[in-house]
Amino acid sequence: MSSGTLAESGRSGRGVLTSLHIWWRMLVICLEERLAYRSDFALGTLMRFLPIVTQVFLWTAVFAASSRSDIAGYSRDNIVAYYLLTMITRAFSSMPGLSGGIARSIRDGSVKKYLIQPVDYVSFLLASRVAHKLVYYAVAIVPFAIVFVVCRSYFPPAPDSLTVLAYLVSLVLSFLLGFFLEATLGMIGFWFLEVSSIIFAYMLLQYLLSGHMFPIDMLAGIPTGLAGISLADVVRWLPFQYTAYFPASVWLGKVQGWELAGGLVLEVAWLAAMIIICRLVWRRGTRRYSGFGG
Amino acid sequence: MRYLTIFGTFARACLVRDMTFRANFLLECLTSLGWMSMNLAFYLLIFSFTPEIGLGSGWSKEPFFAFVATGLLINAIVQALFMPSASELAEMVRTGGLDAILVKPLDAQFLLSMHRFDFSSLANGIVGLVLLAWAVPRFPTPPPAVAWLLYPLLIACGVAILYGLIITLAAATILMGRNQSLYDFWFYITNFSRYPAEIYAGPWGGPLRMVCTFVIPILLVVNVPAGTLARPLSGEAWGMVGVTGVAAVAAVGLSRLFFQAALSRYRSASS
């Protein structure tokens, strides 16, 4: 219904302007909402670095006891740089509260206001996320800069400009992919009343398969039973790696040349697939949804 | 006794609720086990690269898995007993739902920290026991009888320290109005207790270890009970046992004071 309204208005030039205006209003409203709790937000940003501290000490202890200088192609400094870089990727791809929020709005019926207003729910959520991220980056840039300056000795020399460009593209794509993955997940709420466990299961899988827990390269020695195919090879075909591992490995030069181009193409393909799936699930879900009362 | 009966009623009601949504309960158990399995797989992966965590630390595979098992036991108790209730507090303060708790003729701290019981969290505790039963017989030297006597007491101390932390965060929630970040803070700070204290070494790690041992005693929670089983009880180890006991009493006492002070400053958000 709402997407139909937007589509109709999009037929004229004025319609496009109206759509843009709606988008702008949604963005401004969401920015104001986010900034209302800015101290909470700033504190949350700082806290997110704490698990990295543990990982740095853990891997330092592992390297010290193993007397190896290289684990799965990573030196100790590489590992530290990797975890820090995954923090940047997660700053783009993580969508805290998105799935749960969608599922809750379906359960408590608040989703129905988007069905009767000329606002597309998914677009509204996307604008809300863009606002969330803009505020997050504005607040987070200071702690991020401090941490990266303090830890600069862990990083290899900066890559060439083309690799930096590919890195930035992969980050933007990781934001969109993360959004559509989690938005689709939240829409499972149309079929199940209680989805918290499903969301939690997804988060676990995502944490493991995205390379957030450890670099995917460490799975290269684990066979799958298929000749010449390791567990790392399988994980590299899944969309999750783009939400942590891939951009970090691009910056560190672990993925280069055609492999990098192929990785980006696969990321775009996964994004396109998730946009279509998200739209289909929304359409199916709203068709079976029924809301009563106020 | 009255509080025990009320707690029993709460637990029974939560069990009825869990059994009403059996599929979800089963999924919760499975996801909880999934998270634990993932971590165990990660540790196995680490031990495929190194014989121990920290050079000369003594945390080789079996002692380390006993450490992990101890962490699972303590966290299962905390997650089952306190976390489900405490995690609702931020929203209650924001919406004014806390008023309904305060007008009840019961201790507010008891109600806020123990009105929900999460049975699915106990699944990890059971796995912790199994893991402990696997790891301990494989120790180079078996733990002495006194270590087994101290172990449950130290587990209780670990739970008490974590409970103190939860109540302190709950009090901060009441003071600040909204603090989702402080519950993230709970996750992040307890993250430090997931690994042996010996990994925190060097110019940055040393001070961090001191802070996490004596200021926010999070490193005592798992390290001391697990160390009591995995290592000989030297003079220093007895000292840490004493420190853990004191920290547990202090955590519960101070957090109670902080909580009462926060409640006296509470202004209702409703009407």
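At roughly what angle do the axes of helix 5 (residues 76–93) of chain A and helix 9 (residues 161–186) of chain A cross? In this predicted model, for which local features need pLDDT of at least 70, side-chain atom pairs count only at pLDDT 80 or more, and totals for chains, interfaces and linings use all residues, the two axes cross at roughly 45 degrees and come within 7 Å. Residues are numbered from 1 along each chain as its sequence is written, and chains are lettered from A and ligands numbered from 1 in the order in which they are written.

Axes are lines fitted to C-alpha atoms, for helices over the stretch in contact, with angles from 0 to 180 degrees between N-to-C directions. Helix 5 and helix 9 of chain A are therefore oblique to each other, a class left after angles under 35 (roughly parallel), over 145 (roughly antiparallel) and 65 to 115 degrees (roughly perpendicular). From helix 5 of chain A, T89(A), F92(A) and S93(A) meet L171(A), S174(A), F175(A), L177(A) and G178(A) of helix 9, and these residues divide into 4 nonpolar, 4 polar and no charged (nonpolar: Ala, Val, Leu, Ile, Met, Phe, Trp, Tyr, Cys and Pro; charged: Asp, Glu, Lys and Arg; polar: the others, Gly among them).

Between the chains, 32 residues of chain B are in contact with 27 residues of chain A (C-beta atoms, placed from the backbone, within 7 Å). Helix 2 (22–47) and helix 10 (180–191) of chain B each supply at least two residues of the side that touches chain A (helices being DSSP runs of H or I, at least four residues, numbered from the N terminus), and helix 2 of chain B gives the most, with 10 residues.

Chain A averages a pLDDT of 85 (the predictor's confidence in each residue, from 0 to 100).

Conventions: Two residues are in contact if their C-beta atoms, placed from the backbone, lie within 7 Å.
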